[in-house]
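I am keeping these notes while I look through one structure, going from a sheet to a few single residues. Each entry records what I looked up and what I found there.

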Amino acid sequence: MRTDVAIIGAGPAGLALATGLKGSGLDVTLIERSPEASLAAPAFDGREIALTHRSQAILRDLGAWVRLAPEEMAPLGEARVINGGFPLALRFAPPAPSEPLGRLVPNHAIRRTLFDTVAAQGGTRLLAGREVTALTLAPDGARLRLACGEEIAARLVVAADSRFSAARRRAGIGAEMLDFGRSMIVCRMAHERPHGATATEWFGHRQTIAMLPLNGAMSSAVLTLAPDETERMLALDPEDFGAEVTRRYEGRLGAMRLVSTRHAYPLVAVYAHRFAARRFALLGDAAVGMHPVTAHGFNFGLSGAALLAAELKRAVARGLDPGGSGALSYYASAHRRATLPLFLATNAIARLYGDDRAPARLARAALISAGAALPPIRRAIVARLMDARPALSAG
């Protein structure tokens, strides 16, 4: 089989790239190890994505945003950061009350809408239930071997196969990996008191709890715990789990009740040494796997897909090889400039706020005091959280 662009991984980043290449004239093949049924109707995985304004614009440009139901979108009106029992909270609010910081959308809903968009536009070949077992990169093209024995020749291979990317390793690209030694439990909780469309990140002793406001009297709970505590919490029956979360959150939202399945994820941050090689590019978590404390990992996946699609379409329009070094080099350098500062800052924040020692707690209190006293700092952070820059055009 021959194709122009082979995308490994039909997650949000891979699907967004395939959608963004519509009208390019390129033959696109998506390779995904999961079966097609799970792509068309992905299951709830606990994750609620805080989409920036730019990410919302990208999804609109792709034609995916209109496929989301109104009840699947929850406005994020304000964010608060709390450090233990420190009386001050760092608050972030949008400059205009009528416009939220962002919108929370379930990960499985975004995956579904992007898959539906790819299917509706046509022109993309989907090889579902297939696993890549070998990758060869050469000056004149790339070759992929699948577990079924099939081989694919491509002008460009794009790996969007998770932060533990096998394709990245096969391409000889290393990555900085930071294991925080913690796990994250995500689920939905109903509660007695209203959340006021406010997201709260509370850094307590031996735990971090985030509550993300969903529609109605319901929030997405994100508990970051040591592995042994994670296992214990997952083993609790739903009633005891609700009581335990209520206790851990000190009753801020009243009594809480589990209303979804629970899901646990290890906290590991990843940053690839390179984003591109000969006939090869990294996208999504395969390039940048973020700690979720600043909620930008998913947004980087979308912006990276928009950037790469735009560069590939420009290359084709100029009669250039889409797998050549020009478009890939520009994508790699631009995506690195956009992601590296926040990746480093996020890891520093995660280390500081995950440290229970007294000096770290004092430093956290000092940072919150400084942020509360200096409005320019808060405005700068709000601008970064909202990311209201226009979406990149792939035309």
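I began with β4 and strand β7 (residues 102-106), which pair in the antiparallel sense over 3 bridges; two strands count as paired if DSSP finds at least two bridges between them. Helices (H or I, at least four residues) and strands (E, at least two) are DSSP runs, numbered from the N terminus. Within this pairing, I found that Pro75 has Arg103 in β7 as its bridge partner.

I noted that this is a predicted model, in which local features need pLDDT of at least 70 and side-chain atom pairs count only at pLDDT 80 or more, while totals for chains, interfaces and linings use all residues. Residues are numbered from 1 along each chain as its sequence is written, and side-chain values use heavy atoms, with hydrogens and water left out.

Next I looked up the whole sheet, which is open and has 3 strands in the order β3-β7-β4, with antiparallel pairing. Because β3 (48-51) and β4 (74-76) stand at the edges and each has a single partner strand, one side of each is left without a neighbour in the sheet. From one strand to the next, the twist averages 35 degrees. Helix α4 (residues 107-121) packs on this sheet, where it touches β3 and β7, and its direction makes about 80 degrees with that of β7. Such axes are lines fitted to C-alpha atoms, for helices over the stretch in contact (heavy atoms within 4.5 Å), and the angles run from 0 to 180 degrees between N-to-C directions.

I then turned to Val259, in the loop between β16 (256-258) and β17 (263-272). Is Val259 buried, exposed or partly exposed? I recorded it as partly exposed because its relative accessible area is 35%, where buried means under 20%, exposed over 50% and partly exposed in between (1.4 Å probe, protein chains only). Leaving out residues up to four places away in sequence, Val259 touches Arg188, Met189, Ala190 and Met218. The C-alpha atoms of Val259 and Met218 are separated by 8.8 Å, although the two residues are 41 residues apart along the chain.

Glu250, with a phi of about 55 degrees, lies in the loop between α7 (238-248) and β16, and it counts as exposed at 55% relative accessibility. Arg279, with a phi near 60 degrees, is in the loop between β18 (276-277) and β19 (280-282), and at 8% relative accessibility Arg279 counts as buried.
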